[in-house]
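Colleague: Could you walk me through this chain and the terms you use for it?

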Amino acid sequence: MATATRTITLLSGNQITSHKSKHTLFSSLALPPTCTAFTSQTRCVTRQSSTYGSVVGLLGAGLALTVMGPASAAELPLLGQLTEPANALSLPTWAIHVSSVVEWITAMALVWQYGEKSGFESWKGLSWGMVPLLGGAFCACTWHFFYNSESLEVLVALQAALTVIGNATMCIAAYRIYKSTKERPENL
């Protein structure tokens with residue numbers, strides 16, 4: 001029972017379990033135990049940060065959708081009347097598309113925060129260099145959302161252009177980071 005409770009609360013992102021509970025697949029994501037003294041007993045509590053819980057939740061949802069096999073919105077019980085064209089994306093494919101965009105936005109935010117906190121302002125340029133690639137991802141998702149409509153094929157060309165531009169801007173940003181680390185004194 002402790003294992004099931006640990007997994008369910010882990011997915012919610014607010015896990016607090018006894019240190020003596022069974023180890024699960026997710027126990028390696030635990031933060032170090034925090035020990036507090038209560039009268040004559042010492043009790044250690046393991047806490048999960050909401051970031052780990054969110055990541056595991058997204059991975060679990062993606063895994064569940066993938067294990068279920070190809071599925072579409074038409075196969076859901078409440079949407080039985082919905083008819084989709086043959087080129088509609090499956091739910092697992094949509095999960096991958098959406099989670100990739102969310103991951104990219106998160107990476108941009110983390111790179112920006114690193115630039116602010118570390119004092120390496122050139123890292124913020126890398127975050128700006130990632131913007132065109134995010135635009136390309138939005139183009140792809142939009143095109144797929146409208147079932148790869150021929151009238152929206154301009155999005156495919158726009159995605160290709162944004163990918164080339166984004167690769168170039170990230171290359172320039174990486175070079176700027178390289179140059180800034182060479183200019184900084186070694187003892188910092």
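Modeller: Just after H5, Tyr147 takes a positive phi of about 55°. This is a predicted model, where local features need pLDDT of at least 70, side-chain atom pairs count only at pLDDT 80 or more, and totals for chains, interfaces and linings use all residues. Residues are numbered from 1 along each chain as its sequence is written, and side-chain values use heavy atoms, with hydrogens and water left out.

Colleague: What makes residues 131-145 a helix called H5?

Modeller: A helix is a DSSP run of H or I with at least four residues, a strand a run of E with at least two, and both are numbered from the N terminus. H5 has 15 residues, so it meets that cut-off.

Colleague: How do you know that the reach of H5 is close to the expected one?

Modeller: The expected span is 1.5 Å times one less than the number of residues. For H5 that gives 21 Å, and the first and last C-alpha atoms are 21 Å apart.

Colleague: Which secondary structure does the chain have?

Modeller: There are six helices and three strands, in the order α-β-β-β-α-α-α-α-α from the N terminus.
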